[in-house]
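Here's a walk through a fold, one element at a time. Have the model open alongside and follow along.

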Amino acid sequence: MNLQVKARPSPRPGPEGDGGGIRVCGATVTYRNGHRALRDASFAIPTGTIAALVGVNGSGKSTLFKAIMGFVRLAKGDITVLGLTVPQALKKNLVAYVPQAEEVDWNFPVLVEDVVMMGRYGHMNMLRMPKKADHEAVEAALARVGMSDFRKRQIGELSGGQKKRVFLARALAQDGRVILLDEPFTGVDVKTEDAIIRLLVALREEGRVMLVSTHNLGSVPEFCDRTILLKNTVLAYGPTATTFTRENLELAFGGVLRHFVLGGESLHDDADPRQLSVISDDERPLVMYGARGRMVTQPAKPETDAEADSE
Ligand SMILES: Nc1ncnc2c1ncn2[C@@H]1O[C@H](COP(=O)(O)OP(=O)(O)OP(=O)(O)O)[C@@H](O)[C@H]1O
């Protein structure tokens, strides 16, 4: 299916983004080779929320993370984290990052507990001598992700899902108030995915803010309060119930998405006229009711139920 992408002005953050959370305003990133990976991107997510970052490969998701982490410089625009500039937030250890598996050199000989201890570096002095509180934080973080028994294992010896949990533990040990997760579900089984989602929901209850890039469309309405649709700029952002729609997904993914409509004999034994739409970019598919695409999965929070019902 070929869908044309309409040019839309990048939506600007509303008042909800003032102060807390992550606020990105007109962010533009141009790499050294001249490639502009992010153009005039704007959105705001308040604290105590989980936001999904959704877009095709190369749409700028990792670039946006790098900008929030201060790894790449903004050519234009401005990012604030919990009301602070990026350097101020990094200095206070407020931002934790769970990288994509491809970004890590798994041959580097380091123990699981040492990886998690790296999360404590920002809390230590120049000599990086761990204190009792650092060891306790590592212990607690490993226990929280169910990886205590693996603490003396080399990180490279673990499965994909176990490695993800270790990097989540590193973010927990750091005690970041803002946690950026770059594709945490890629290469993990459903059980680990559920465990990660439960952990993120618990972290939300603690008032943290999480930005999660994912190709796993089916899980977004399950646990993400907000959605940001990216295609080198922000096409749409807002509550998942009103933003994560079929129309917006088609805008963001164009012909990359597979789209099936099931109805008639392939869905019902009787003359029931109702249809199901299935949308996928080849990870977990999103299932929606009917031609307009009403989500089957439950939105993350009760108030978004109300918004969905009022559609
Ligand atoms: N260091 C770099 N130098 C030049 N171009 C880059 C660099 N890093 C990324 N890019 C380009 O910027 C664009 C956005 O890349 P980015 O990694 O942010 O996308 P993404 O949405 O995270 O993709 P994926 O879903 O594949 O992880 C791509 O076209 C990529 O080739």
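Let's begin with helix 6, residues 190-205: at 1.5 Å a residue, its 16 residues should span 22 Å, and its end C-alpha atoms sit 23 Å apart, which agrees. The expected span here is 1.5 Å times one less than the number of residues. Helices (H or I, at least four residues) and strands (E, at least two) are DSSP runs, numbered from the N terminus.

Keep in mind that this is a predicted model: local features need pLDDT of at least 70, side-chain atom pairs count only at pLDDT 80 or more, and totals for chains, interfaces and linings use all residues. Residue numbers start from 1 along each chain as its sequence is written.

Which residues of helix 6 are buried? They are T192, I196, L200, L203 and R204. Seen down the axis, these buried residues fall within an arc of 120°, so they line one face of helix 6; the arc is taken over the directions from the helix axis to the C-beta atoms. An α-helix has 3.6 residues a turn, so residues three or four places apart point the same way. On the other side of helix 6, V190, K191, R198, A202 and E205 are exposed. Buried means 20 or more other C-beta atoms within 10 Å of a residue's own, exposed means 12 or fewer, and partly exposed is in between, with C-beta atoms placed from the backbone.

The cover over the buried residues of helix 6 includes strand 3 (50-54), helix 5 (160-174), strand 7 (178-182), strand 8 (209-213) and helix 7 (220-223). Contact means that the C-beta atoms of two residues, placed from the backbone, lie within 7 Å.

Two strands count as paired if DSSP finds at least two bridges between them.

Axes are lines fitted to C-alpha atoms, for helices over the stretch in contact, and angles run from 0 to 180 degrees between N-to-C directions.

Another open sheet has 4 strands in the order 2-1-4-5, with antiparallel pairing. Its edge strands are strand 2 (36-45) and strand 5 (84-85), each pairing on one side only. Strand 2 is mostly covered, with 7 of its 10 residues buried. Helix 1 (residues 61-68) lies across strand 1 (22-30), strand 2 and strand 4, at about 65° to strand 2.

Here are some of the strand pairs:

| Pair | Sense | Bridges |
|---|---|---|
| strand 1 and strand 2 | antiparallel | 6 bridges |
| strand 4 and strand 5 | antiparallel | 2 bridges |
| strand 6 and strand 7 | parallel | 4 bridges |

For landmarks, I22 stands opposite I45 in strand 2, T80 has T85 in strand 5 as its bridge partner, and Y97 has L180 in strand 7.

**Glycines with positive phi**

G207 follows helix 6 with a phi near 85°. G34 takes a phi near 95° in the hairpin of strand 1 and strand 2, which has 5 residues between the strands. Just after helix 9, G254 has a phi of about 50°.

**Confidence**

The chain's mean pLDDT is 82, and 79% of its residues reach 70 or more; pLDDT is the predictor's confidence in each residue, from 0 to 100. It stays under 50 over residues 1-9, for which the model has 11 contacts beyond four places in sequence.
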